[in-house]
Amino acid sequence: AEGRCFYGHGAFDAGGRHLFMTENAFDRGAGVIGVYDTRDDYKRIGELDAGGIGPHPLLMLSDGRTLAVAVGGILTHPDSGRAKLNIDTMRPALQFIDSASGAVVNRVALGSEREWKLSLRHMARLADDRIIIGAQDQMNDGRRLPLVYVAGATDSNLRPLAIPDKTCERLTGYCGSLAFNPMGAMIAVSSPRGGLAALWSSATLDFLGEVDLADGCGLASLPDRPGFLFSSGNGQLRVATVDGADDELTRHPFRQWDNHAVAIEA
């Protein structure tokens with residue numbers, strides 16, 4: 001639509017009738033969710049207020065109606081490329097929105113002024129509809145804050161997942177993709193800048209360990225076994241779990257895999 005550009009993520013409702021896309025309403029410096037009719041050649045039929053600046057990914061909860069939206073808080077404009085225009089005033093949050101009415105069901109935000117510099121980005125939905133969300137730190141002050149949080153639609157705050165200091169340091173303030181594997185009851189979070197993925201138990205939220213992969217960002221849960229596919233910018237694909245079982249590594253020298261991956265069952 002005129003005055004809008006895509007942020008690159010979307011979600012369908014329960015019946016697949018509507019597609020919801022995060023968009024930048026750059027004509028007024030706001031975030032919106034475009035609504036598209038899949039039965040009418042994906043015609044744009046309206047938009048919802050995202051409740052903040054810079055909504056990026058969104059996920060549909062199991063009710064097929066409630067959207068979880070990561071409001072990253074960063075203002076951008078097509079005329080300025082990827083320049084971040086409001087770091088001093090950014091206010092990231094995790095929003096839960098009724099996709100039918102547009103009403104905000106719940107807003108969960110970080111508490112301190114320093115934490116407001118953590119742009120909330122990519123997410124994974126657990127079986128009980130809790131959301132695991134990763135952050136990207138926009139302040140280079142030498143501090144290493146927790147970057148992975150959990151919250152549900154009725155929670156009042158984002159709770160950080162425990163992580164060893166050494167692993168937190170390796171993440172270098174940047175989370176890429178997230179995935180949840182229900183078969184293995186594991187959560188994985190990639191950091192291309194750190195060259196690793198960190199893993200947690202989805203049952204206890206205890207830290208499990210790391211998987212190394214240089215420039216690895218793409219991350220997908222394997223549909224048939226307890227592990228993950230990792231992809232990297234240097235052409236590598238790795239299938240691995242934290243215990244090293246079923247570990248495979250292949251290289252495609254003429255490929256540079258980008259930020260995300262999805263497992264599709266034939």
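How many of the residues of strand 17 are buried? Six of its six residues are buried, and the strand is mostly covered. The structure is a predicted model, with a mean pLDDT of 93 for the protein and 98% of its residues at 70 or more.

**Confidence**

- Strand 11 (residues 148–151) has the highest confidence in the protein, at a mean of 98.
- Strand 20 (residues 248–251) has the lowest, at a mean of 84.

- Four strands form an open sheet in the order 17-18-19-20, and their pairing is antiparallel.
- Strand 17 (216–221) and strand 20 are the edge strands, each pairing on one side only.
- On average, neighbouring strands of this sheet are turned by 15 degrees against each other, direction ignored.
- In general, the strands of a sheet pair through backbone hydrogen bonds, in either a parallel or an antiparallel manner.
- Five bridges link strand 17 to strand 18 (residues 228–232) in the antiparallel sense, and six residues lie between the two strands of this hairpin.
- Within the pairing of these strands, S221 stands opposite F228 of strand 18.
- At the other end of the strand order, strand 19 (residues 236–240) is joined to strand 20 by four bridges, again antiparallel.
- R238 is placed opposite L249 of strand 20.

**Nonpolar cores**

- The largest nonpolar core has 34 residues, of which L94, I131, I132, I133 and L158 touch the most other members.
- Elements that give two or more residues to this core include strand 6 (66–71), strand 7 (93–98), strand 9 (118–125) and strand 10 (131–137).
- Strand 11, strand 13 (178–181), strand 14 (186–191) and strand 15 (196–201) are also among these elements.
- Beyond its neighbours within four places in sequence, I132 is in contact with H122, M123, A124, L126, V148, Y149, V150, L161, L178, I187 and L205.
- A second, separate core consists of twelve residues, including A11, A50, V69 and I97.

**Loop residues with positive phi**

- Most residues other than glycine have a negative phi.
- D129 is not a glycine, yet has a positive phi of about 75 degrees.
- D129 belongs to the loop between strand 9 and strand 10.
- Because its relative accessible area is 16%, under the 20% cut-off, D129 counts as buried.
- L205 also has a positive phi, of about 65 degrees, although it is not a glycine.
- The loop between strand 15 and strand 16 (207–212) holds L205.
- L205 has a relative accessible area of 8% and is therefore classed as buried.
- L205 is also one of the residues in contact with I132.

- N106 is located in strand 8 (residues 104–109).
- With a relative accessible area of 16%, N106 falls under the 20% limit and so counts as buried.
- A polar atom of the N106 side chain lies 3.0 Å from the backbone oxygen of A153.
- Not counting residues up to four places away in sequence, N106 touches L94, Q95, F96, G152, A153, T154 and D155.
- L94, which N106 touches, is one of the residues with the most contacts to other members of the largest nonpolar core.

Key
Residues are numbered from 1 along each chain as its sequence is written. This is a predicted model: local features need pLDDT of at least 70, side-chain atom pairs count only at pLDDT 80 or more; totals for chains, interfaces and linings use all residues. Side-chain values use heavy atoms; hydrogens and water are left out. pLDDT is the predictor's confidence in each residue, from 0 to 100. Two strands pair if DSSP finds at least two bridges between them. Axes are lines fitted to C-alpha atoms, for helices over the stretch in contact, and angles run from 0 to 180 degrees between N-to-C directions. A nonpolar core is a set of buried Ala, Val, Leu, Ile, Met, Phe, Trp, Tyr and Cys residues joined through side-chain atoms within 4.5 Å. Buried means under 20% relative accessible area, exposed over 50%, partly exposed in between (1.4 Å probe, protein chains only). Contact means heavy atoms within 4.5 Å. A polar contact is a pair of N or O atoms within 3.5 Å; within protein, one must be able to donate a hydrogen and the other to accept it, and residues adjacent in sequence count only if both atoms are side-chain atoms.
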